[in-house]
Amino acid sequence: MKYCTQCGASAQDAAKFCIKCGATFGVEPEAPPQTQPAQTYTPPQQPGSAYAAPQPQRYNAPQQAEPYTMPTNAALAGLAYAPPLAPSAPKKKKHVLRWVLILLGVALLAVVIINVIGVIQLRAKKASTTPLPAASASALAVSSPSSSAAPAAVSLADEPLADNARDALMLSYLKDVVPFSASYEADEVIFPAMYRSRQSLVSINAAAPTATKALLTVEIPGFTHKYEKQINLSPIGINMQVLPAMLDGALEKCNTSKKAQLQVSLVTESGQELLHDTKEITLQSMYDMQFFSADGTVDYSRNICAWITPEEPLIRTLQRDATDTLDYLSDGAYKQFVGYQGTEDDTLNQLIALYATLAKVYEVRYNMTPVTTSGNGAHQRIALPKNVIEDRSGLCVETAVTMASAAEALGFNTYILFPPGHSMTLVELQDGSCNYVLIETTALTYTSYDEVFVTGSAADMAAYLRDTMQIDSLISVKSERRNGIHPMK
């Protein structure tokens with residue numbers, strides 16, 4: 001190891017010039033005049049080594065940097081010089097490329113596996129349609145029943161399937177075919193008085209493998225019109241709710257319960273019968289009222305409004321007779337019914353006159369006659385107001401609907417109240433006043449009007465009902481008329 005005398009850089013012993021400043025070794029320049037004592041460097045001596053580091057002279061930087069001159073090939077011949085390596089490519093790009101190749105390989109492998117599985121399945125399906133060998137197919141011989149001679153065996157191997165037939169047979173395994181189907185649901189018991197408020201008589205479900213037109217027919221002969229409608233069937237299926245119209249006068253013919261036939265049919269335009277059924281049902285009498293379903297989950301009490309008949313001729317007669325009663329009770333102060341055209345006291349006086357006519361003039365009495373019930377109180381037989389007036393007796397619900405019929409005929413806002421096991425009539429004293437009168441229609445032998453009539457505001461009436469009884473339901477006659485529950489004729 002030696003050092004350059006110009007720049008002090010270290011160099012190999014065999015080097016001819018300094019690789020840093022380019023100075024040539026071998027000629028030592030004259031030492032410049034020293035103004036201070038020269039300092040010498042003595043490296044530590046290793047044991048057993050005879051090496052002595054050269055004593056470099058003090059370095060004085062040149063006044064002006066000399067330009068660098070590239071050494072010749074001859075000068076570089078004795079150097080063990082290796083040029084610097086080119087910078088390597090970033091490893092990140094190599095990693096990205098590696099992952100891309102891996103993902104492509106996985107995708108290619110998945111495609112190959114899927115294709116192999118598909119080929120295996122296709123071969124298995126083709127194998128299932130391959131004609132049987134003659135030896136085994138002979139057991140499937142088919143003979144004509146009309147032939148008296150020995151039957152000739154017909155082997156499946158004798159008539160191999162054509163290619164197109166085999167393909168069609170294979171496709172039948174590969175896709176689901178929706179067959180023709182049709183069914184319906186219907187109640188076994190019908191309440192004629194509630195028929196018009198029903199949502200449906202039957203519920204039809206039907207489907208076809210392709211778009212198909214069919215004629216649907218539903219009827220209860222002697223009770224409803226025949227319902228006929230062309231419907232479009234499809235693989236998706238269809239559900240229809242059907243309620244045929246009731247025949248005019250059919251309700252009046254239902255004086256007692258009777259059996260009837262429900263007829264349902266569905267026929268395609270090609271004549272194929274998808275559904276043709278006759279089901280026996282029971283038509284209850286026109287007086288049977290269903291308050292709730294047999295399981296108690298559905299409340300039908302709003303149908304009581306069908307028994308409120310303001311246009312009944314006997315209700316009109318009741319109103320006329322009640323005007324005489326009002327004249328008598330008011331000593332001639334009131335001689336006519338004015339409906340809501342008067343005051344709240346006028347409304348109350350009109351209701352008192354109607355009730356007094358029923359109790360004192362017609363002598364209607366509360367009569368706990370036997371009633372028809374079934375299904376744990378699911379329905380009850382209820383007489384119409386005309387029957388109450390004609391028979392001069394009635395149950396609580398029957399006298400309540402009679403009083404409600406007269407009140408609705410006068411244009412009053414009328415309600416039916418159902419405490420447990422009981423019925424009452426509620427009337428608003430003026431339209432929108434929220435002041436009411438509650439009428440106990442079974443106190444027909446009253447001695448004081450306080451036994452029959454309770455008046456008060458909506459809050460007072462609610463408090464009174466809460467303290468004296470439990471209310472199962474409150475039916476607004478006006479609202480149910482808008483909902484389609486009309487009076488029985």
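**Close-up views of a predicted model**

**View 1. Cys434 is partly exposed, with a relative accessible area of 39%.** Partly exposed falls between buried (under 20%) and exposed (over 50%), using a 1.4 Å probe and protein chains only. Cys434 sits in the loop between strand E16 (424-428) and strand E17 (435-439). Its phi is positive, near 60°, though the residue is not a glycine. Most residues other than glycine have a negative phi. Strands (E, at least two residues) and helices (H or I, at least four) are DSSP runs numbered from the N terminus. The model is predicted: local features need pLDDT of at least 70, side-chain atom pairs count only at pLDDT 80 or more, and totals for chains, interfaces and linings use all residues. Residues are numbered from 1 along each chain as its sequence is written, and side-chain values use heavy atoms, without hydrogens or water.

**View 2. Arg392 has a positive phi of about 55°.** Arg392 lies in the loop between helix H7 (385-391) and strand E14 (393-394). Because its relative accessibility is 44%, Arg392 counts as partly exposed.

**View 3. Helices H6 (residues 344-361) and H8 (residues 396-409) pack with their axes 11 Å apart.** The angle is about 140°, which makes H6 oblique to H8. Axes are lines fitted to C-alpha atoms, for helices over the stretch in contact; angles run from 0 to 180 degrees between N-to-C directions. Oblique covers what is left after roughly parallel (under 35 degrees), roughly antiparallel (over 145) and roughly perpendicular (65 to 115).

**View 4. Leu97 lies in helix H2 (residues 91-128).** Leu97 counts as exposed because its relative accessibility is 52%.
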